[in-house]
Amino acid sequence: INKNLINQLNKITRELSSIKTGTKEWINKNIIKMNIEKKLFQSNPEYEPKLVSKIEVANNMPENSILIEYQAYYKFLDNPKSNKRNSFSSEKRYLAFLLKPNGSSEAIDLGNADEIDKNIKSALLNIREFPEKSEELFDKISDSILDPINKYLEGINTVFISPDSEINLVPFSALNAPNSQKYLNEIYDMRLLTTGRDLIDRNFINKTSNNKSIIIANPYFGNADYLNSESKKTKRSGQFPLIKWEALNGTKNEGESIKKIINGNLIMGIDATESYLFEQKKPKILHIASHSYYFDLNEIDNIHPLKRSGVVLAGANNKFKTGEQDGYLTALEITTMDLLGTEMVVISGCESGKGIFTGTTGDGIYGLKRAIAVSGAQSSLLSLWKVNDEGTAKFMEYFYRKLKAGSSKVDALRDTQSFFRNHPDKSLRTPFIWAAFQLTGDWEPIKL
């Protein structure tokens, strides 16, 4: 492997993550990135990439199903002085690629992405304080990304969705199905994938771990902020950098409840450290109930994309170090964990499903979701916004009880969402509670 080219590629990728999309600098650096990738490929002729045909994917789809792969793209611009296309348009657009089990496919142009992205960002910003406004925006998002493909959903039972760019942040459980007052997952068996190729690679399901599950909860962040007030309601903060992290009393109850349900190893307080996690191999389920964080370009720049997301563990307030331990488990560090065979990773904290978009297309979202997939885990359950501590604890307990009863992961999540939509406590009926968590990857049951 040409390490020099690898280093150049990593450097240009980091630079792209901090440049505004569509600018002249962004366009020029994208061209440089493409040339580096071309040289890298040419310098490794012994490497034969596995190309996947749509027929291979279609052959792994059940009857009466459809795969929807969303793709952000920028048009190439023709150079009037040559026959080559050597520049990008600054207009971002979305496509929806559709595939059915018989191999038939369609590509639907969804148009300019600006309005769609704007509605997604606004819906997430309003979800806590103005849920009614968010629901109006969810309807607009559904009109933009689902209505144009409505005619292809006739006779469909199962919908596989592979999002791209800002669509990664759409809470699909909160979207109405086209021409319906029912939610999408009330009509269809909805399954989120990283890519359609995941349907081919599902042979990993037989390689599940028999190790005990691990539950990390209520880490001791440090003396300065270890708050014991049971009455204080806090959010699992997604803000970074922070000098102080407040204790999350709801995570203690969450951890204890889940331990009883799945009989896992519960680690709390000063023991909930990075070093403990790195010593563990292939837990059946890894559940972390703590602060998680994501910080964007306005908060910090010039940093590896996978260092923008992470989980806060013991000692973060005191900034103590034992070797590389500092109380922050970054997404980049998670990629080095051995989770091959782990059936599900749950990050029960704020904005654990968010990440940075590199500015290029096809690279997806750089954050905890990507890191967990790289580590080998079969699925992830992550949040799209800053969640409520106590509400999340109740949500997770109900979800795990459904799993324990034999429901598949996707059915357990759908049933939990349905229960909370009609919860006896009206304060828990808001999409701020029930639509926050999104399952990506394998959807099968877990034997507990």
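Here are some numbered notes on this predicted model, written for reading beside the structure.

1. **Ground rules.** This is a predicted model, in which local features need pLDDT of at least 70 and side-chain atom pairs count only at pLDDT 80 or more, while totals for chains, interfaces and linings use all residues. Residues are numbered from 1 along each chain as its sequence is written, and side-chain values use heavy atoms, with hydrogens and water left out.

2. **Strand β15.** Helices (H or I, at least four residues) and strands (E, at least two) are DSSP runs, numbered from the N terminus.

3. **The partners of β15.** Which strands pair with β15? Strand β12 (residues 344–348) pairs with β15 in the parallel sense, over two bridges, and V346 stands opposite L381. Strand β16 (residues 437–441) pairs with β15 in the antiparallel sense, over five bridges, and there T440 stands opposite S380. Two strands count as paired if DSSP finds at least two bridges between them.

4. **The largest nonpolar core.** In soluble globular proteins, nonpolar side chains tend to be buried together. The largest nonpolar core in this model has 77 residues, and those with the most contacts inside it are Y70, I145, I149, F172, M344, W385 and Y400. A nonpolar core is a set of buried Ala, Val, Leu, Ile, Met, Phe, Trp, Tyr and Cys residues joined through side-chain atoms within 4.5 Å. Leaving aside neighbours within four places in sequence, F172 is in contact (heavy atoms within 4.5 Å) with Y70, I145, I161, I167, L184, M190, L192 and Q438.

5. **A second core, and I216.** A second, separate core of 24 residues includes I216, L286, L313 and I347. I216 belongs to strand β6, residues 214–219, and is buried, with a relative accessible area of 0%. Beyond its neighbours within four places in sequence, I216 is in contact with I267, A272, Y276, L277, H287, I288, A289 and L313. For A289, the C-alpha atom is separated from that of I216 by 6.0 Å, although the two residues are 73 apart along the chain.

6. **Two residues with positive phi.** Take a look at N64 and S165, residues other than glycine that have positive phi values. N64 has phi near 60° and lies in the loop between α3 (54–58) and β1 (65–78). S165 has phi near 50° and is found in the loop between β4 (158–162) and α6 (184–187). Are these residues buried or partly exposed? N64 counts as partly exposed at 40% relative accessibility, whereas S165 is buried, with a relative accessible area of 10%.

7. Side chains of opposite charge can pair when their charged atoms come close. How many salt bridges does a search of the whole structure find? The search finds 13, each being a side-chain nitrogen of Lys or Arg within 4 Å of a carboxyl oxygen of Asp or Glu. E256 and K252 form one (2.9 Å, N to O); both lie in helix α7 (residues 249–262), four residues apart, about one turn of the helix. E256 is partly exposed at 29% relative accessibility, and K252 is partly exposed at 35%. D415 and R414 also meet in a salt bridge (3.4 Å, N to O).

8. **A salt bridge between distant parts of the chain.** K282 forms a salt bridge with D338, with the closest N and O atoms 2.7 Å apart. This pair links distant parts of the chain: K282 is in the loop between α8 (274–279) and β8 (285–289), and D338 is in the loop between α9 (331–334) and β12, 56 residues apart. Both count as partly exposed, K282 at 29% relative accessibility and D338 at 26%.

Definitions and conventions. Buried means under 20% relative accessible area, exposed over 50%, partly exposed in between (1.4 Å probe, protein chains only).
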